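Student: Could you take me through one part of this structure slowly, with a close look at the salt bridges and what surrounds them?

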Amino acid sequence: MKPHDVVRFERRFVVQDKESGFFLMPVEGDVGFTAWLHEAGRFDEFDEAADTGAMNCSEGFFISSVC
């Protein structure tokens, strides 16, 4: 890669359950949990991640942005 090449990253969001520390992940059209970040579901929009976290994480959740 040349020094002047532009690298573009796509920003996504992941949801982590506050109580268990597990991440939300898609499972056969539903939502499941995983301990591994690389298996976590990635949301395009913050609001979508927040809505899904609110529905599936009863004790609270964290939302992190990833590239």
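**A close look at the salt bridges**

Tutor: The structure, which is a predicted model, holds 2 salt bridges. As background, side chains of opposite charge can pair when their charged atoms come close. In one of the salt bridges, E10 pairs with R12, and their closest N and O atoms are 2.6 Å apart. In the other, the side chain of R12 meets that of D44, with 3.1 Å from N to O. This second pair links distant parts of the chain, since D44 sits in the loop between β3 (30-34) and α1 while R12 belongs to strand β1, 32 residues apart. Taken together, E10, R12 and D44 are linked in a network of salt bridges.

E10 has a relative accessible area of 54%, so E10 is exposed. R12 has a relative accessible area of 25% and is therefore partly exposed, and D44 is also described as partly exposed, because its relative accessible area is 45%.

Strand β1 (residues 12-17) also contains V14, and V14 counts as buried because its relative accessibility is 2%, where buried means under 20%. In sequence V14 is 26 residues from A40, yet the C-alpha atoms of V14 and A40 are 6.6 Å apart in space.

Turning to other charged residues, E45, D47, E48 and D51 form a negative surface patch, and of these D51 lies in helix α1 (residues 46-56).

Note on methods
Residues are numbered from 1 along each chain as its sequence is written. This is a predicted model: local features need pLDDT of at least 70, side-chain atom pairs count only at pLDDT 80 or more; totals for chains, interfaces and linings use all residues. Side-chain values use heavy atoms; hydrogens and water are left out. Patches are made of residues with over 30% relative accessible area and no salt bridge: like charges are joined within 9 Å, nonpolar side chains (Val, Leu, Ile, Met, Phe, Trp, Tyr) within 5 Å. Accessible areas come from the Shrake-Rupley method with a 1.4 Å probe; for residues, only the protein chains shown count as cover. A salt bridge is a side-chain nitrogen of Lys or Arg within 4 Å of a carboxyl oxygen of Asp or Glu. Lys and Arg count as positive and Asp and Glu as negative; His and the chain ends are not counted. The place of a charge is taken as NZ of Lys, CZ of Arg, CG of Asp or CD of Glu. Helices (H or I, at least four residues) and strands (E, at least two) are DSSP runs, numbered from the N terminus. Buried means under 20% relative accessible area, exposed over 50%, partly exposed in between (1.4 Å probe, protein chains only).
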